[in-house]
Amino acid sequence: MGANRHMSVDSRGRYTPEVAGEVMPGSEGPAGSRSHNLNSTRRASLMQEPVLVLNATFEPINVTAVRRAMVLMLKGVAQAEEMHNTEVHSAAHAHRVPSVIRLLAYRHIPQQSRALSRKNILLRDRNTCQFCMRVFPSSELTLDHVVPRSRGGRSSWENLVACCYRCNNSKGDRTPEEAGLKLARRPRPFTLHTSRQLMRLIGHRDERWRKYLFY
Ligand SMILES: [Zn+2]
């Protein structure tokens, strides 16, 4: 049980593919195309490449980074199912870089389980302003209360959306209808279903993921 604390699943059963949020906008090419002689910059970015995490049953449950995946493998929590044709070198060893790993012990993942946070809302909305539909880096997005707090709008999955500063300013303390803005889609809680959509999106860059993403 102790080793599980190192996973992206926390003690309350929430799980957070923090890497997915960083990878989505402006992501780089596939890691497989990288050469073996990595300079430190490329090595650092390689270590941030997304790795698909499977449950012991082969069900995809998460996306993590190469760095974390390799730690899980070294700790004996997970094993590699698919590898990149790339190695990273530590002082004494060359390690092949995983693309898909699988947990050795089954882990129960609750169906609706994700923490309400700025990071997760941006991830759900794919860093896209839900009013003008443009994609922004996280630093240029804020969270908008669709029904303003001053009107009793809550901080909830259904009432918070990613929003660029420009749209946020023009909306002000009004509802979208009053401001003449239209929501791209109705905001929903971030569920495992949403996670799988994200996994498929990221998985398009890596054919090694595809056979695991039929869920
Ligand atoms: Zn906008």
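Along the chain, the donors of the zinc ion are spaced as C-x2-C-x31-C-x2-C. Keep in mind throughout that this is a predicted model.

**Stop 1: the zinc site**

Select the zinc ion together with Cys129, Cys132, Cys164 and Cys167. The SG atoms of these four cysteines are its protein donors, at 2.3 to 2.4 Å. Now look at the angles. The four donor atoms subtend 102 to 116° around the zinc ion, which makes the arrangement tetrahedral. For four tetrahedral donors the ideal angle is 109.5 degrees.

Stay with the site and highlight Cys132 and Cys167. This pair links distant parts of the chain, 35 residues apart. Cys132 sits in the loop between helix H4 (118-124) and strand E5 (141-145). Cys167 belongs to helix H5 (residues 165-171).

Cys167 has a relative accessible area of 10%, so Cys167 is buried.

**Stop 2: the whole chain**

Zoom out and colour by secondary structure. The protein chain has seven helices and six strands. Trace them along the sequence: the pattern is α-α-β-β-α-β-β-α-β-β-α-α-α. Of the 215 residues, 47% count as buried. Among contacts between residues at least 6 apart in sequence, 63% join residues at least 24 apart.

**Stop 3: the four-stranded sheet**

Next select E1, E2, E3 and E4. They form an open sheet in the order E2-E1-E4-E3, and the pairing is mixed. Which strands stand at the edges? They are E2 and E3 (78-89). Each has a single partner strand, so one side of each is left without a neighbour in the sheet.

Go to the E3 end. E3 pairs with E4 (residues 94-103) in the antiparallel sense, over eight bridges. Pick Val88 to see one example: its bridge partner in E4 is His95.

Now bring in the helices. Helix H2 (residues 40-47) packs on the sheet and touches E2, E3 and E4. The direction of H2 makes about 170° with that of E3. Helix H3 (residues 66-74) packs on the sheet too, touching E1, E2, E3 and E4. Its direction makes about 85° with that of E4.

**Stop 4: the E1–E2 hairpin**

E1 (residues 50-54) and E2 pair in the antiparallel sense over five bridges. Select Val51, and find its bridge partner Thr64 in E2. Five residues lie between the strands of this hairpin. In the hairpin, Phe58 takes a positive phi near 75°. Is E2 (residues 60-65) mostly covered or uncovered? Strand E2 is mostly covered, with six of its six residues buried.

**Stop 5: the cores**

Finish inside. Show the side chains of Val66, Val88, Ile101 and Leu103. These have the most contacts inside the largest nonpolar core, which has 16 residues. H2, E1, H3, E3 and E4 each give two or more residues to this core. Which element gives the most? H3 does, with four residues.

How values were computed:
Residues numbered from 1 in each chain as written. Predicted model: local features only at pLDDT ≥ 70, side-chain atom pairs only at ≥ 80, totals over all residues. Heavy atoms only, no water. Buried < 20%, exposed > 50% of the residue type's maximum accessible area, 1.4 Å probe, protein only. Pairing = 2+ DSSP bridges. Donors = N, O, S within 2.8 Å, 3.2 Å for Na, K, Ca; no water. Tetrahedral: all angles 85-135°; square planar, octahedral: opposite > 155°, others 65-115°. Contact = heavy atoms within 4.5 Å. Axes fitted to C-alpha atoms, helices over the stretch in contact; angles between N-to-C directions. Core = buried A, V, L, I, M, F, W, Y, C linked by side-chain atoms within 4.5 Å.
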